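Biologist: Could you take me through this structure, with the cut-offs stated as we go?

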Amino acid sequence: MKAMKKVLLTALIAATPMMAQVKEKIEVPYIAFPIKMGKGFDVVQANCLMCHSFGYIINQGRQSKKFWAGKVDKMIVHFKAPITDKDRKVIIDYLFKHYGNGKEQ
Amino acid sequence: MKRREFFKTAAVTAGAAALGGTAAEAGVTHQPVDNRKVGNIAFPEKRPLITYSDRPPLLETPREVFTCALTPNDQFFVRWHMPDIPTYIDTDKFTININGMVKKELKITLKELKEDFEQVEVAAVLQCGGNSRSAFEPTAGGIQWGSGAMGCALWKGVRLRDILDRAGIKKGAEWLAVQGSEKAAYYETPNFIRELHLDELDDHVIIAYQMNGEDLPYLNGFPVRLVIPGVYSDSWIKMITNITVTDKYKKLFFMDHAYVVPDNECECETPEKKFPKTKPIYRMNVKSVIGYPTNGAKLTLKSQAVVRGVAFDGGAGIREVQISLDGGKTWDKAILDSGKLGRYAYRTFRYGFKPNKLGKLEIMAKAINKLGEEQPLSKDIKWNHGGYKYNGIDVVTVEVV
């Protein structure tokens with residue numbers, strides 16, 4: 001009898017549809033990345049967070065001003081982020097100040 | 001403080017990987033960063049992993065997982081590109097659409113995919129082209145991955161070739177554009193599309209709905225993703241919705257601008273003088289990673305110690321893994337598993353030895369593939385601006401006590 005039960009149970013599991021795991025909306029957790037505060041942060045927040053978390057900023061390594069300018073320009077040119085010229089400069093200065101390596105080039 | 005030392009001592013906070021870097025040691029590639037801890041928050045269907053970003057999710061597998069031939073689904077790395085990833089899929093209504101230069105347009109439901117086509121399986125390594133990027137000096141742009149932006153799984157699905165045959169490819173067609181469901185915040189942002197030449201389609205290229213015997217985890221591309229064994233993961237489109245057959249190659253941001261290396265013999269350049277011509281990253285080079293012991297582990301003097309890890313390449317297959325305990329002066333063969341998972345999968349290796357000297361000990365692992373290609377020392381790997389294709393000999397430093 002016991003063996004029979006086991007067989008039945010196995011059969012049931014095998015018959016369960018494979019698509020059982022996502023019957024409802026999944027929730028991606030929110031992570032508070034330790035981004036540095038400072039001049040221009042509000043502009044960074046308004047422009048950058050639309051597309052990506054601060055994790056992207058803090059995990060690039062310390063970089064030159066040219067690097068950060070290139071990243072911001074990539075967002076504008078390739079990803080079509082509507083960043084104004086004024087904001088562009090504020091963002092680059094912020095990134096270089098807090099995540100820069102002290103070098104212009 | 002040297003950048004490398006900074007990384008070694010850098011703290012990790014709130015599930016975020018730490019930032020490193022001050023004075024750059026110009027041009028010398030080193031071991032990838034290896035001190036990052038898993039976060040304290042688990043993402044859907046995952047255990048806590050090394051967390052670089054939540055939107056889009058970027059999660060790295062910790063080193064100790066790389067002792068098994070198949071990476072558990074809940075520890076498999078995650079990498080998306082766009083902020084808007086569907087968080088719900090109606091599995092009854094979801095279809096993969098085949099259109100363009102085909103005789104008959106198809107809308108294949110998941111049920112049809114599983115019932116109307118031959119079901120095939122392939123074990124294959126999925127690795128981000130930027131895996132181990134943190135090894136490059138000066139810092140290459142992009143997420144500073146350690147060695148865990150990779151995994152190996154048994155993928156089950158349907159040959160892409162069979163699907164295209166069902167649709168019937170028209171004469172003159174040459175290219176396939178495969179698109180996933182992730183979307184940008186702005187309408188104008190280029191979509192994440194991968195183009196494949198029809199000649200690239202061998203029988204191992206599949207549309208997979210299962211990974212290691214389970215549905216694909218949501219964050220690994222549920223319900224279906226492209227599997228191109230031997231090729232870097234930017235080509236393995238997730239949550240596929242559309243495949244368009246065309247006669248012309250369309251220049252794409254991610255293929256022609258983002259995931260590229262210098263198109264020269266060494267695939268290298270310098271930060272001052274970038275090589276003008278580039279090519280998309282494609283077939284993976286030979287690589288191995290030690291899963292045990294991990295950096296900083298303590299081994300007992302004269303105990304029976306064992307080194308374990310995984311090795312793989314772009315599909316030629318692994319011939320040998322060698323271990324050195326004397327800084328690379330002498331190398332000894334490790335024992336490889338049977339290789340029954342096939343040439344695209346991890347070959348696990350193990351190597352037993354007795355530590356006979358107290359103090360720090362460097363364990364090095366080097367894989368050699370069946371073409372005779374072997375891993376270089378990390379210091380011999382030349383720089384490229386995207387920090388792609390690092391495959392240096394893996395080094396783990398332990399302490400014998």
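This is a predicted model: local features need pLDDT of at least 70, side-chain atom pairs count only at pLDDT 80 or more; totals for chains, interfaces and linings use all residues.

Biologist: How many helices and strands does chain A have?

Modeller: Helices (H or I, at least four residues) and strands (E, at least two) are DSSP runs, numbered from the N terminus. From the N terminus on, the elements of chain A run α-α-α-α-α. The count for chain A is therefore five helices and zero strands.

Biologist: Which elements are among those that cover the buried residues of α5(A)?

Modeller: Helix α5 (residues 85–99) of chain A has 15 residues and reaches 21 Å from its first C-alpha to its last, close to the 21 Å expected at 1.5 Å a residue, where the expected span is 1.5 Å times one less than the number of residues. Its buried residues (under 20% relative accessible area, with exposed over 50% and partly exposed in between, using a 1.4 Å probe and protein chains only) include A:Ile91, A:Leu95 and A:Tyr99. With contact taken as heavy atoms within 4.5 Å, the cover includes α2 (41–48), α3 (55–58) and α4 (65–77) of chain A.

Biologist: What area do chain B and chain A bury between them?

Modeller: The contact takes 53 residues from chain B and 40 residues from chain A. Buried area is the accessible area (1.4 Å probe) that two parts lose on being put together, summed over both. Of the area buried here, 62% lies on carbon and sulfur atoms, and the value is about 3900 Å².

Biologist: Which element gives the most to the side of chain B that touches chain A?

Modeller: Across this interface the rule finds twelve residue pairs in polar contact, both residues at pLDDT 80 or more; a polar contact is a pair of N or O atoms within 3.5 Å, where within protein one must be able to donate a hydrogen and the other to accept it, and residues adjacent in sequence count only if both atoms are side-chain atoms. On the side of chain B that touches chain A, β1, α2 (110–115), β11 (214–215) and α4 (253–258) of chain B each supply at least two residues. The element that gives the most, with four residues, is β1(B).

Biologist: How many salt bridges does the rule find across the interface of chain B and chain A?

Modeller: A salt bridge is a side-chain nitrogen of Lys or Arg within 4 Å of a carboxyl oxygen of Asp or Glu. A search of the whole structure finds 21 salt bridges over all chains. Across the interface of chain B and chain A, however, the number is zero.

Biologist: Is B:Asp54 buried or exposed?

Modeller: In the sheet, B:Asp54 has B:Pro57 of β2(B) as its bridge partner. Its side chain also meets that of B:Arg55 in a salt bridge (3.4 Å, N to O), and B:Arg55 is partly exposed, with a relative accessible area of 34%. At 3% relative accessibility, B:Asp54 itself counts as buried.

Biologist: How many residues apart are B:Arg63 and B:Asp34?

Modeller: The side chains of B:Arg63 and B:Asp34 meet in a salt bridge (3.2 Å, N to O). B:Arg63 is buried, with a relative accessible area of 9%, whereas B:Asp34 counts as partly exposed at 31%. The pair links distant parts of the chain, with B:Arg63 in the loop between β2 and β3 of chain B and B:Asp34 in the loop between α1 (3–9) and β1 of chain B, and the separation is 29 residues.

Biologist: Which residue of β24(B) stands opposite B:Lys298?

Modeller: Strand β24 (residues 394–400) of chain B is mostly covered, as five of its seven residues are buried. Two bridges join strand β17 (residues 298–299) of chain B to β24(B) in parallel, while strand β23 (residues 359–369) of chain B and β24(B) pair in the antiparallel sense over seven bridges. B:Lys360 stands opposite B:Glu399, and the residue opposite B:Lys298 is B:Glu399.

Terms used: Residues are numbered from 1 along each chain as its sequence is written. Chains are lettered from A and ligands numbered from 1 in the order in which they are written. Side-chain values use heavy atoms; hydrogens and water are left out. Two strands pair if DSSP finds at least two bridges between them.
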